[in-house]
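Here are my notes for the colleague who asked for a second reading of this model. They are set out as numbered points, to be read beside the structure.

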Amino acid sequence: MASSDNTPPVPEPSTITGAPETDYEVGQDNIQVMGLDVHNPVFFVSAIVIVAFVILTLIFQESADHFFTWLRPTLTNMFDWSLLSIGNIFVLFAIFLVLSPLGSVRLGGADAKPDYTYAGWFAMLFAAGMGIGLMYFGVSEPLSHYSSSFGGVVLGDDGLRTDWAPLGGAAGNADAARELAMGATIFHWGLHPWAIYAIVALSLAFFAYNRGLPLTLRSAFYPILGERVWGWPGHVIDTLAVFATLFGLATSLGFGAEQAMAGLEYLFGIEETDVGKSVLILCITAVALVSVVAGLDAGVKRLSEINMVLAALLLAFIFFAGPTLVIATGVLDNTVAYFKTLLPLSNPFGRTDQNFMQGWTAFYWAWWISWSPFVGMFIARVSRGRTVREFVICVILVPTIVSIIWMSTFGGAAINQVIAEGHQAIADASQDTKLFLMLEDFPFTQFASFIGITLVIVFFVTSSDSGSLVIDTITAGGKIDAPVSQRVFWATFEGVVAIVLLLGGGLSALQSAAVATGIPFAFILLAMMISTLKGLTQERAELKAHRKLTKSSQPAE
């Protein structure tokens, strides 16, 4: 059955192992009301709680501001070692899958063929996974780490560090500070986040395409929960996935709105106000709704490909118009710096750099985890036909390599301006304006800045569209052919939540919401990983048994 929004349906598993012995049918718990086709109770609980959150935050803005300001550091302080440990476990599990015989299992069955070319596949998974973040942090994060590293260790009256330098810093040593800054930046955008995304996406794709279960988070727990997955345990899992996805996405949309407004003020003198940010989010959400109606292939895929072209052009412009030799050598040097600092930065225990570990790494890991249902399900939707080994390698390594090149180009050019040209104003500027100040030293500044704003906006649109697709799938009980109006509802609410959080505490509120939903979901993902291992092991054993039986039944020549 074709989707009402031109989204291709999930094919039946083309595998000899078949689906689990379950009588559950996709959408059997759904309710059709007012033209909607929604899962009961996941849709209603999610929608009611989010509406209540929006109303209460708007009514009690000052109290919400204080609460969110307190919440994020409190949570990251309590769960920093847990988040870092979980991130490490996902990387190790991904390596295990690549090296083990389980890597030969094909998503969709032995005869399944990929639905998209490599180019289209890479464009969609990259745009969904990190688009806005790379634009916002591509210049600002390397500069922040460089400044704090160069400043070195600073102790307070209680003997504890008050600086934000990673590890031990590099006081007064510009080259060492640059190396540490780039290693720390790539650490946050490299193997760890993409390992989280890859395992979640793999789990969803395997149980949907190989076992014939609904494309929703609860399905990944069938080997552990059995038929109970269709009851309240599954309702809790899917509802938490909706919250994590919505608030994680709202954080990214907030970053995008901040940077887009800063760029508009820089280029056109439009004052950066809360009203302006709200109007901008509403306008971009309206554009996203057009993409929602167009469907996956005509909407997200096309916009993702446009964005990849624009991103490649801006990257090439910075590379050739900037300090080309510094950037080119920096790619290799920064890769070495990344692997040199990988183990120390991954260590969750005995660290003295608490501000960096909690304020940067723990927040990032919680943010990536809150994004993982969204990115994971979206990647799963477009990854049928890949082997587990091919899937894990491509989903982790390709974006990591692109992240290294991106951060080395943008961050390397910015740090070089500070070190070689003495442009300290760039380092001292607010995070959302650093990109545009860096571009002042380049030719065609206005045009390059406009391309940067356009990229942020289009990434905003693709993220909103992809996010609404994922949330709608979860709240429709795994149906991917639900009415378009449901995705319109969620795309609208994503924008509204981003606006409300900005009004109720700015970026700190957005970050707090991502952390608060990401931490409990982290432990759900650990259980998902175990369930996936059980499922893949069973699939592999059944495939071997089938081949053995087939071979033994063949007549002797």
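**Notes on the predicted model**

1. Gly 138 is buried, with a relative accessible area of 1%, and its place is in helix α3. Please keep in mind throughout that this is a predicted model. Apart from residues up to four places away in sequence, Gly 138 touches Gly 133, Trp 406, Met 407, Phe 410 and Gly 411. For one of these, Phe 410, the separation along the chain is 272 residues, while the C-alpha atoms of Gly 138 and Phe 410 are 5.7 Å apart in space.

2. Two packed helices are described by the angle between their axes and the distance between the axes. For helix α7 (residues 232-268) and helix α11 (residues 354-381), the angle is about 115° and the axes are 7 Å apart, and the crossing of α7 and α11 is left-handed. On the α7 side the contact is made by Ala 241, Ala 244, Thr 245, Gly 248, Leu 249, Thr 251, Ser 252 and Phe 255, and on the α11 side by Phe 363, Trp 367, Ser 370, Trp 371, Pro 373 and Phe 374. Sorted by class, the residues in this contact of α7 with α11 comprise nine nonpolar and five polar residues, with no charged residues.

3. The crossing in which α10 passes α12 is right-handed. From α10, the residues Val 326, Ile 327, Gly 330, Val 331, Asn 334, Thr 335 and Tyr 338 meet Ile 404, Ile 405, Ser 408, Thr 409, Ala 413 and Asn 416 of α12. By class, the contact of α10 with α12 has seven nonpolar and six polar residues, and no charged residues.

4. Ser 346 also belongs to helix α10. Is Ser 346 buried or exposed? Its relative accessible area is 8%, and Ser 346 therefore counts as buried. Once neighbours within four places in sequence are left aside, Ser 346 is in contact with Leu 84, Asn 88, Phe 187, His 192 and Arg 351.

5. Ile 471, in helix α15 (residues 445-475), is buried, with a relative accessible area of 0%. Leaving aside neighbours within four places in sequence, the contacts of Ile 471 are Val 242, Thr 245, Leu 246, Trp 490 and Glu 494. Thr 245 also takes part, from α7, in the contact with α11.

6. How far apart should the ends of helix α16 (residues 484-503) be, given its 20 residues? At 1.5 Å a residue the helix should span 28 Å, and its end C-alpha atoms are 29 Å apart, which agrees. Of the 20 residues of α16, 14 are buried, so this helix is largely enclosed by the rest of the structure.

7. Asn 40 and Pro 41 are joined by a cis peptide bond with omega of about 15°, and Pro 41 is in the loop between β2 (36-39) and α1 (42-59). Leu 167, a residue other than glycine, has a positive phi near 55°, and its place is in the loop between α3 (118-151) and α4 (174-189). Phe 444, likewise not a glycine, has a positive phi of about 55°; Phe 444 lies in the loop between α14 (434-438) and α15, and with 62% relative accessibility it counts as exposed.

8. The loop between α2 (61-99) and α3 holds Thr 117, which is exposed, with a relative accessible area of 55%. The C-alpha atoms of Thr 117 and Val 488 are separated by 28 Å, and these residues are 371 residues apart along the chain. Pro 101 lies in the loop between α2 and α3 as well. Not counting residues up to four places away in sequence, Pro 101 touches Arg 389 and Arg 540; Pro 101 and Arg 389 are 288 residues apart in sequence, and their C-alpha atoms are 9.0 Å apart in space.

Key: Residues are numbered from 1 along each chain as its sequence is written. This is a predicted model: local features need pLDDT of at least 70, side-chain atom pairs count only at pLDDT 80 or more; totals for chains, interfaces and linings use all residues. Side-chain values use heavy atoms; hydrogens and water are left out. Helices (H or I, at least four residues) and strands (E, at least two) are DSSP runs, numbered from the N terminus. The expected span of a helix is 1.5 Å times one less than its number of residues. Buried means under 20% relative accessible area, exposed over 50%, partly exposed in between (1.4 Å probe, protein chains only). Axes are lines fitted to C-alpha atoms, for helices over the stretch in contact, and angles run from 0 to 180 degrees between N-to-C directions. A crossing is left-handed if the near helix is turned anticlockwise from the far one by less than a right angle, and right-handed if clockwise. Contact means heavy atoms within 4.5 Å. Ala, Val, Leu, Ile, Met, Phe, Trp, Tyr, Cys and Pro count as nonpolar, Asp, Glu, Lys and Arg as charged, and the others, Gly among them, as polar.
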